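Dear colleague,

I am handing over a structure to you with this email, and below it I have set out what was found. Please keep the model open while you read.

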Amino acid sequence: MSDSNPMFSLRGVSKSFPGVKALDQVQLDLYPGQVTALIGENGAGKSTLVKTMTGIYQPEAGELRFRGEAVSLDTPEAARQLGITAIHQETVLFDELSVTENIFAGHYLTKGRFKQLDWAGMDARARQILQDIEAPIDPQTRLKYLSIGQRHMVAIARALSFDAQVVILDEPTAALSHHEIEELYAIVRRLKEAGCAIMFISHKFDEIFAIADRYTVFRDGCYVGDGRIDETDEAGLVTLMVGRTVEQVYPKASAKIGDTVLQVKQLSHPTEFDDISFELRQGEILGFYGLVGAGRTELMQALFGVSRGVQGTVEIGQERVDIRSPADAIKAGIVYVPEERQAQGTVQEMSIFQNISLPQLSQINRSGWLNEEAEYALADTYASRLQVKAPNWREKVGNLSGGNQQKVVIGKWLATQPRVIILDEPTKGIDIGSKAAVHAFMSELVQEGLAVIMVSSELPEVMGMADRIIIMHEGQAVSEVARHEFSAERIVSAASGG
Amino acid sequence: MKTMLQNREILLAVLILVMILLVGVITPDFLLPSNLLAVYNDTSILIILALGQMLVILTRCIDLSVAANLALTGMVVAMLNSAYPALPVPLLMGVGALLGLLLGVVNGALVWKLGIPAIVVTLGTMSIYRGLVFLLSDGAWVNAHEMSASFVSIPRSTVLGLPVLAWVSVLVIVIMVHFTRQRRLGREIYAAGNNPTAAFYTGIQVGRLQFVAFSISGLLAGLCGYLWVSRYAVAYVDVAAGFELQVIAACVIGGVSIMGGIGTVQGCVLGALFLGVINNALPVLGVSPFWQMAISGAVIVIAVIANSRAERKVGRIILKKAALHAG
């Protein structure tokens, strides 16, 4: 089949952001009637590529060809007019608008000479598309009342409402249940039969082998290889994708498991999670796995005193603590490294050392005056230990790469000498080198007697690093698995409510 | 749940009725149809301006310059009338609207092309426009006797029982309902304000829509320039000083979210009427103007709290429970 001409291809495409080369001379071919899987670790440049292909980013170099002709996609509109449509990883839709409007926003149907919006027509068409993909959703519901899975179906319906030629599915199954994934496969097959070129991004090898015809592998923003899926196997893909062995990425070291440091009993939140109990021991890495939106982050935020209206008890070292604010949590010895590094983790405009000393300004500066030397010394201890790459610690955090920003956030919290450290998606969106460093550091932490909670949506990461995994589904802790019982199938099935 | 926002509007309507009835108990004359009509007529300008402001707020911006725009266009129109009394009034109205549009275009262009936050842009243009009124008039007033008879009388003349001023506001309401429900641009304004990122991904240009919203707000302010000056039969530098706050308050009370993307024409009109009734009823009851301001202020704070509660996100456990009840 590879003798047919590609419908859409990229050659030598590069794109950089301050501090990061997201795409470096990459190439890709998508063929009509075929599914091409784009494979790569987080930070390999997949999302950047999707945005380049849909006119959201403009590449600095390289060529995009559509049906053999060079095209430039200056706006999302331009991409859409060629029939290039993407279902993004985070569903980007409008909460306050109806399902119909979400499907037709930007390309409304009109009627009559005066181009009035044809709501009846749009509703009918929306109902038809939703029926075709077997998603029983009322088109007039406002989006905010839909579950995450349903929102994905709306996003797919939206993509189908165009005359799609190239369909990009960016981790479409991350938030779907087993049943919904089956339906998605059916949709993909229909699109194939209709002659669409499909790009499928997924971390799950079973899905890739089930649905893809071809593969292309990226690593650290570079193209590393492509081919037919039936001429390779999982091990081959992993080697291409990681470029190093599993042990190097997940350096799990055995730490001495000690006494219980944290005991959570029947923690409930009015809307986000319900009746969560668990304990955490010294020297342990406890993984929290689940689909996007399972309530993991909300649970961690509750432990850190961010959420209100939480019921249940939290004990630190047998002693009951009342955590009503992050200040209480820090005092009790719990720190939280959030997923949204830029929004919640660092003050981008401040220097590295100021960021690190921030949570304990009152301890360092007892006189009430700021003591910059003491702050710098404190920061030096932790920033050096974490090997933050910067000319000196006066560099603005905003100028660092994602991985180094992550190290600053971790350093900031370590400096408070906590007992429990919560890492929420600690390696999301950082390159593989930094990732391995964060993992190695995690192992060091537990060896020093800290207890770590790690929230992660990456199965290899939780399986590689955790001693125990608690699996959440729709706000409930549905299963708990110890390291010797780890199995990918069991964990994934529990997470999707199976 | 689905009709929460509509319920809110019904609630507001009921509240307005209750207020009217309460005032009526003390002063029965307040309930006379002619008086209620006068209250509506008196609120017309606020309604028109609030509808323009709503579009701006929907796009996550704010237009602080509406009252200054009104004062400047009002002064220009009044000076034209006193210098050339022969110019027909509809032409003057057109001139006012066009000038207002131009002033709105300036706001919109600065926000769109230079990416300056709307609050900064319109804080600046508010002072500039107000300053221009002074430069133009040299601080002098244009009084009733300098205006032509038709200039002053047209908004007051009644057609089918309603003054022209009230008819203008009804017309603007009808156009805005159509615009926000049936026009592509109107719907895109909601999308842009509700989720600018998603709007961008969808191919909607958020900046362009902000420009459109500011332009419409300016146009309506320009139209109100003539209406205001002729209604009060005087033009001077401080016309409608501080009125932009009433306009924004009307939007907020009417359920327009200051975070953008949420708000309806009917809600906005009710918000304006609510303030209109308060403004008209309190003097009748002999309440001091200082209390009037405090009451309006309290209502705004309450409305903002009510809005933020209504907009709170729906949690998954609630969803699940709702699904259980439904199933």
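A residue is called buried if 20 or more other C-beta atoms lie within 10 Å of its own, exposed if 12 or fewer do, and partly exposed in between, with the C-beta atoms placed from the backbone. This is a predicted model, in which local features need pLDDT of at least 70 and side-chain atom pairs count only at pLDDT 80 or more, while totals for chains, interfaces and linings use all residues. Residues are numbered from 1 along each chain as its sequence is written, and chains are lettered from A and ligands numbered from 1 in the order in which they are written.

Let us begin with a helix. Helices (H or I, at least four residues) and strands (E, at least two) are DSSP runs, numbered from the N terminus. Helix α7 of chain B, residues 164-182, has 19 residues and reaches 26 Å from its first C-alpha to its last, close to the 27 Å expected at 1.5 Å a residue (1.5 Å times one less than the number of residues). Among its buried residues are B:Leu165, B:Val168, B:Val172 and B:Met176. Seen down the axis of α7(B), the buried residues fall within an arc of 150 degrees, so they line one face of the helix; the arc is that of the directions from the helix axis to the C-beta atoms. On the other side of α7(B), B:Leu171 and B:Val174 are exposed.

Next comes the meeting of the two chains. Two residues are in contact if their C-beta atoms, placed from the backbone, lie within 7 Å, and 27 residues of chain B are in contact with 31 residues of chain A. On the side of chain B that touches chain A, α8, α9 (196-201) and α14 (316-326) of chain B each supply at least two residues.

In chain A, an open sheet of six strands has the order β18-β19-β20-β15-β21-β22, with mixed pairing, where two strands pair if DSSP finds at least two bridges between them. The edge strands, each pairing on one side only, are β18 (334-337) and β22 (476-482) of chain A. β18(A) pairs with β19 (residues 420-424) of chain A in the parallel sense over four bridges, and A:Tyr336 has A:Ile422 in β19(A) as its bridge partner.

Finally, A:Lys252 is found in the loop between α9 (246-249) and β13 (260-268) of chain A, and A:Lys252 is partly exposed, with 19 other C-beta atoms within 10 Å.
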